[in-house]
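Take a short walk through this structure.

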Amino acid sequence: MEGADRERTEAGFKVRTPVDEARRILQEAVTRDGDADSDVPCGTETVDVDRADGRVLAAPIAAARDVPHYRRAAMDGYAVRAADTFGASDRSPEVLRLAEPAADTDGHATADSIAPGTAARVHTGSALPEGADAVVMIERVTERESVGELEVEDAVAEGENVAPVGEDIEAEQHLYDAGHRLRPSDLGLLRSAGYGRVAVAQQPTVGVVPTGEELVAGDPGPGEVIETNGLTVSRLAQRWGARATYRDVVTDDPESLRVAIQRDLTKDVVVTTGGSSVGERDLLPEVIDDLGEVLVHGVGLKPGHPVCLGIVEETPVLALPGYPVACIVNAVQFLRPVLRWLEGTEPDPHPTTRARLERKIPSEPGTRTFARVQLTARDADESSHDEPRYEAVPTRASGSGVLSSVALADGWVIVDDDREGIPAGETVPVETWEINP
């Protein structure tokens, strides 16, 4: 081993940057070089509303029209002039003439207008005829079709059973702020409000490069390992709204690693897995520093402290550890926020479940620990409205290389940097990080 390699290997991580500080440094680097004309570093594009689910609005949205844009019947019945029904009752119904229906264009013929003393059949959602100002429910009338008359047995007030123009949305009404992530219900509202296309943040692009000469795609021999980190991270990135490219494995060779990173500098983010620590074959920190700048190397979290965060030609490069659990923890803590910052937003908190900790979780001061747990329902007599309904059982397999400790867990309990573990019996929030995109 040459002198520089030996020094790096033996030095280890003497200083580990706190998680929040590492994120702050990374955020400043990611956002400082964004488009000067946009709050969205990764740029914007215009897409059809029906393809905008999950996308982030790049600009505020106001309604382009009233919804509804016409007065409409709020239920099946008869459109009338309210004044013609005054005094109507079961014992003394008002008799109105039936207006002649217009041409039937939608399967529901109705009159275009009504004169005083007349009524017209309407259906829920149909336009109110000119001259009408109320609707009598169909249950409160008796139609005498043979003589073209209608007995109205209930007096209605002006506007009764009528949806006015703009009842749902008024034209120019503010609907959404920039940065709002669109949901299916939003798409329906946008289309109703007059939008066929909307401006959204472009989906960040991510190049995911697994590294390690021991990695293989299948049928591992002695000393070989199935590649899983790149697959997992690329699919997490897609779940978080990015377009990920999952690359072939790159061996532990400085030039090969250099070429792999440079190839994906056209992406918004480059993510590598493996080779991020301080061992003889952990070459990525030096490669990143040679190509650009290492911002942080070594973070106060467990599992996964040997993460390396850097910038190369204004592109963030995240070198995640090779142990599967450590890789996932760092992807959640750093890649997910980066993708949100590129969209011009902040990551939403993950949903949590209150649970009683079944046994102690140890942790080192200055280290944020992510302890994987399984949730089990407690007996009804063990819980109340003040007590949690679940018990959090730490997984027996706690090593950062044991992928099943994450895949078979329901979430993790986070031990903050300033605590020396959490004692058994304490109520804790279990973060279900894999649910929330």
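Where is the place of Thr 367? Thr 367 sits in the loop between β22 (352–357) and β23 (368–377). This is a predicted model. Thr 367 has a relative accessible area of 5%. The cut-off for buried is under 20%, so Thr 367 counts as buried. What does Thr 367 touch, leaving aside residues up to four places away in sequence? Its contacts are Arg 16, Gly 300, Leu 301, Lys 302, Val 415, Asp 416 and Asp 417.

Now turn to the second largest pocket. The volume of this pocket is about 300 Å³. Its lining is made of 17 residues. Nearest the centre lie Arg 23, Gln 333, Arg 336, His 350 and Glu 431. The largest share comes from α7, with five residues.

Why does the second largest pocket lie between domain 1 and domain 4? Domain 1 (2–34 + 204–343) gives residues to the lining, and domain 4 (352–432) does too, so the pocket lies between them.

How many disulfides does the structure hold? The count is zero. Are Cys 42 and Cys 308 buried or exposed? Cys 42 has a relative accessible area of 6%, so it is buried. Cys 308 is at 0% relative accessibility, so Cys 308 is buried as well.

Technical notes: Residues are numbered from 1 along each chain as its sequence is written. This is a predicted model: local features need pLDDT of at least 70, side-chain atom pairs count only at pLDDT 80 or more; totals for chains, interfaces and linings use all residues. Side-chain values use heavy atoms; hydrogens and water are left out. Helices (H or I, at least four residues) and strands (E, at least two) are DSSP runs, numbered from the N terminus. Buried means under 20% relative accessible area, exposed over 50%, partly exposed in between (1.4 Å probe, protein chains only). Contact means heavy atoms within 4.5 Å. On a 1 Å grid over the protein atoms alone, a cavity is a set of points where a 1.4 Å probe fits but cannot get out, and a pocket is an open set with protein on both sides within 12 Å along at least five of seven lines; lining residues have an atom within 4 Å of a point. Grid points are joined across faces, edges and corners, and a volume is the space filled by probe spheres set on the points. Domain bounds come from an automatic or database domain assignment. A disulfide is a pair of cysteine sulfur atoms within 2.5 Å.
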